[in-house]
Amino acid sequence: MIFKIAFRNSIKAWRRTLAVVGAVAVSVFLLEIGAGYMDGFRQKIYTEAVRENGHLRLVAKGYADKLDLLPLTPNMQISDSLLEFLGSFPEVEAVRPAIRFGLLANSASDVSLEMLGLGISPSVSRRMYQRLANAVVEGDFLNGPDQVVIGTEAARLLKVSVGERLILLSSDVNSGFSAVEPQIAGIFRSLNAEEDAQFLLCDLGTAQRLLNLPNRVTEITIELAHREQTENYLEKLRPHLPAYIEPRTWRQDQASLIYLLKLSDVAMAVLAAIVLVVAALGMINTFLMSVLERLPEFGTLRAIGMGRTQLVSIVVLQGFFSGVIGTVIGLIAGIPVVLYYQAHPINYGEAMESFKGVDSQIGMAFEPTTALWVLALGLVIAVGASLYPAIYASRKRPVEILRSLA
Amino acid sequence: MNFVLFRLAVRNVLKQKRRTFFNVLALGINTAMIILLLGILRGSYWLMIERTIDLRTGHIQVHAEGYEAEKRRLPLDIAIHDASRLARRIEELPEVKAASPRIRAAATLSNGRYRAPVLVMAVEPDAEAQVGVIQNSVVEGEWLDSLQSGIIVGKKAVDLLDARLGESLLLYGRTSQEANNLIDVPVRGVFSTGFSEMDRMVVFVPLQFGWEFFDMPGEATEIVIRLNRTLGASKVVSRVKDILAKSTDQKLHVASWQYFAKDVVEGAKADLIFYAILFVILVSLAVFGITNTMTVSVFERVPEIGALRALGMERQSVHRMLLLEGFVLGLGGIVAGSILGGLLAWWMNTKGISISTEALEQVAIPMGDKFLAASRFVDWIIGGGLAMISALIGVLWPARRAARVPVTAALARGVR
Amino acid sequence: MRTVFSSLIILFLVHANLAVGAKDPVAQSLLERMDNALFPQTYEMTMSMITHKPGLDDLNYLYEIVGQGEDRSLMTVTEPARERGKKILLSGENLWLYVPDVSRPIRLTRKQSFMGTTFSNEDVMNSTMADDYDAEIQSREMRGHEVYFRAILTAKRPDVAYARLEVGLDSTSCIPDTIVYYGLSGKALKRLTLSELRELAGRMRPAHMKMEDFIQEGAYTEVEILRLKERGELPESLFDPTQLGK
């Protein structure tokens, strides 16, 4: 019965209902966009911090204890069956065998530069170093055998450009000197000065040839769908891992990383709270006003005998209807926008010269939990912001209400 | 501009207590949030900068000319002569807290069985204690003493080399003239920063030890300067240059932290875009809220406005009156927001939010564990400005609608 | 005749011992003769080098080397098979590395350290002691009929690789059998032991050399000279880096 009354009232005063629904919808829409935007930013931080280095890192036992910065031994043999096994779990996004090594790069202009190299298969490299792949200023990222990519500063120091060949000189696994001469496929611009000057990416085959490590690598990093799955995944792997392999999780490797992530979490939480307060306020305002404006109506209803509880219920229900519809509309409008920008992040680097080549993307991220929270918030506010004034109004005697409005 | 109109606007605003209350509340909270947000953004930016200055760059650095171009090979032959004296002269500047001359060199540390490549930092113990932060991360043993031989090694290196406090390790390196050198050096202290590279590769020795070991008496590869305040560091650079020019004939290169931390500065610039968009979202929410309530208000005041029109008020005046109402609301919002913002900012600037994780206990990270905001007066100006803009934009459309209210509307529902 | 000559030298040296100070002409001339005793000015040789580091497999290399004067030598790797064809050219201040299949040789200067190790062995093989060191005889003893000296060599300049050397050598042949290398702070870095005197290129020379590293216990490098021949003139093109590929 109450439902019917509430429903009819809403339809009768459709302008007001529409206004409330509209207000809620817009607030929820902006809130969802704001949240998606911040989720996107937070994800990007985590992505760069954790994903790049891999959620799980497999090295040969004893490798992590070597005093040399980039030892070549002990190393691991990789076989198709091992890689297949590692990737056979649903949470695995990528399995990335790689070789880390030190080298001297030498260009035809007779310039030599000490660099830090990573040999990795091109198909996986783009994923692992998305940040750099997005920041290529000349040429292309790794896309085939016998190739390297270097930073703009390294290219400047070496006086080379895309298409030229670069000699890589290193100490191979047998401690003899060795050299290969791959082609420069592309040049990236990294915001990190050290990386821009010293980081060299080459295809795995080139590294294996240079260092005399056929079918061998110094590490295998594994990328999972979500970092929280790491420990679980490791437990599943452990009984089947060969004895010479030692797994290390991202949590183990860097205490300082945890600190930095915590810091960004705190910052994001504060920002989220701010956006939330502003959005919530808009909605509360709407409901409060819509209820308080109907005081004369309530007065009349009470005067003709409607009970207090009944009145409150009707008001709250109406608020609830408006809230649900408004929130749902807001989400229906907002979520596709978030999804779109998740798939097509805006690249402002193209628009602004000074940011050219940098990983200058603004994207969003859709997280279902966030959307659920927004939904819950909308409903809570709808009910709460209707309830409070409704109770206030219901407490007053009808006569008082009518009189105060005269 | 009509003063009468203004008085009318004010009266209208004050008369509609409820609506005004909500609008001013909304504007005020939005303003306070923006003030808070600005303080937090500046706080996190400063945190990052201060951390970079503490750990990497110092406020100002001095090098011999030509060092920067060759810095990758850690040259010892491009050095500052008479470095300690120059450091003391620099310290005479009132803005300077301390100047630490250092030798930065590549070397090998060995326990007789294994050898580890390391970066040696030869420093003046007292000056370095005021310029750097590493002494706060010493977890075992003691910091350097210039009168005693000793080396401070990172926890990771100590573990890998199986070394113990008081025991000696072998340090091998090449002098500034490329001659070989080897010496026993006792482990005096162990530090742990949580950054595995640092804990593994960097070692500290007294500067005098470095003069002897690297055969470069009185010299330094860099002088790192800490100022009393980070703000204005680039201005102090020219004063440092002056003092150096008066004290020596050497050609020296002086630059502030922005030069050495370009990546941090660029990263901050990239972040600005992010925050700008966030602001747009916030302001949109505020504007929308105002528009909403003002539209409702206009809708309800239709008879009243009709009456005013019937009494002779022109459309334009109605329009202006509504705009002025928005302006008054804006003022109210600014006042409310400034006070509320002030309270929130005070709390975030002084108490802040603490960042504590279990991981931090094992490691003495040389940075603060509190997230503080850094508010400035300009935040209130920006917040207030945005409040006013929101209010004015918010009433634009309602004001136009109000202006279109026909005279006859007064008759439609009766004035309340 | 030899005995008289030796006795004369002993007399000179006795006098020399009384002299205080680093500049000792007799000791200096000993140095020069030592320089020449080890290798002829211009030579061609086959050398094997074994590097031993505790915990690792031994590295076994075979080289063909041609050398001219004080600062030019070309080493070609002949064993192991996978390294065959690689070359190291030392010419003045430069070191050139050549790897087959790479279009040009790679130049490293003294200041560049290739993984921090390239020049450390070269320091030692470079036998121009007389130019770099002042010699002083510290002691002598009789070994059978031969006089055996211990000489202290002090670096003449701060850029000499090892600040001090202690050389033990036979007075007649002027062949050292021990050289200990000291760093600036006075601590011993390496010890070279020379042995197995054999007739090589017309003279008795040590065919076996062992270099021990004091930074890492148990690490050493052994060099065996399998063949040594004195040469007259060597073509310039041999030490021309652009000709390394041919």
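Trainee: Which residues does Arg115(B) touch, leaving out those up to four places away in sequence?

Mentor: This is a predicted model, so keep that in mind throughout. Arg115(B) touches Leu67(A), Thr108(B), Ser110(B), Ile215(C) and Gln216(C).

Trainee: And where is Arg115(B) found?

Mentor: Arg115(B) is in strand S3 of chain B, which covers residues 115-123.

Trainee: Buried or exposed, that Arg115(B)?

Mentor: Arg115(B) counts as buried, because 21 C-beta neighbours fall inside 10 Å. The cut-off for buried is 20 or more.

Trainee: How far is Arg115(B) from Tyr172(B), in sequence and in space?

Mentor: In sequence they are 57 residues apart. C-alpha to C-alpha, Arg115(B) and Tyr172(B) are 9.4 Å apart in space.

Trainee: Switching to domains. What does the assignment give for chain B?

Mentor: Domain 1 of chain B is 3-53 + 264-413, and domain 2 of chain B is 60-229. Taken over C-alpha atoms, their centres are separated by 53 Å.

Trainee: What about the domains of chain A?

Mentor: For chain A, the assignment has domain 1 as 2-48 + 259-404 and domain 2 as 62-242. The C-alpha centres of those two domains of chain A lie 48 Å apart.

Trainee: OK, helices now. At what angle do H13(B) and H15(B) pack?

Mentor: About 155°, with the axes 8 Å apart. H13(B) spans residues 315-350 and H15(B) spans residues 377-403. Over 145 degrees counts as roughly antiparallel, so that is the label for H13(B) and H15(B). Their crossing is right-handed.

Trainee: How do the residues of the contact of H13(B) with H15(B) divide?

Mentor: There are 16 nonpolar, ten polar and three charged residues in the contact of H13(B) with H15(B).

Trainee: How far apart are the axes of H2(B) and H13(B)?

Mentor: 6 Å, with a packing angle of about 40°. H2(B) is the helix at residues 17-57. The pair H2(B) and H13(B) is therefore oblique, and the crossing of these two helices is right-handed.

Trainee: How many charged residues are there in the contact of H2(B) with H13(B)?

Mentor: None: that contact of H2(B) with H13(B) divides into 14 nonpolar, 13 polar and no charged.

Trainee: Over to chain A. How do H1(A) and H13(A) pack?

Mentor: H1(A), residues 2-12, packs on H13(A), residues 308-343, at about 55° with the axes 9 Å apart. That angle makes H1(A) oblique to H13(A). The crossing of H1(A) and H13(A) is right-handed.

Trainee: Which residues in H1(A) and H13(A) meet?

Mentor: From H1(A), you have Ile2(A), Phe3(A), Ile5(A), Ala6(A), Asn9(A) and Ser10(A). On the H13(A) side are Gln310(A), Ser313(A), Ile314(A), Leu317(A), Gln318(A) and Phe321(A). By class, the contact of H1(A) with H13(A) divides into seven nonpolar, five polar and no charged.

Trainee: Last topic, chain C against chain A. How many residues does the contact take from chain C and from chain A?

Mentor: Twelve residues come from chain C and 16 residues from chain A.

Trainee: Where does the largest share of the chain C side come from?

Mentor: Strand S6 of chain C, residues 106-109, contributes three residues, the largest share of the side that touches chain A.

Trainee: And what does the side of chain C that touches chain A have by class?

Mentor: Eight nonpolar, two polar and two charged residues on the side of chain C that touches chain A.

Conventions:
Residues numbered from 1 in each chain as written. Chains lettered and ligands numbered in written order. Predicted model: local features only at pLDDT ≥ 70, side-chain atom pairs only at ≥ 80, totals over all residues. Axes fitted to C-alpha atoms, helices over the stretch in contact; angles between N-to-C directions. Helix = DSSP H or I, 4+ residues; strand = E, 2+ residues; numbered from the N terminus. Parallel < 35°, antiparallel > 145°, perpendicular 65-115°, else oblique. Left-handed = near helix turned anticlockwise from the far one by under 90°. Contact = placed C-beta atoms within 7 Å. Nonpolar A, V, L, I, M, F, W, Y, C, P; charged D, E, K, R; others polar. Domains from an automatic or database assignment. Buried ≥ 20, exposed ≤ 12 C-beta atoms within 10 Å, placed from the backbone.
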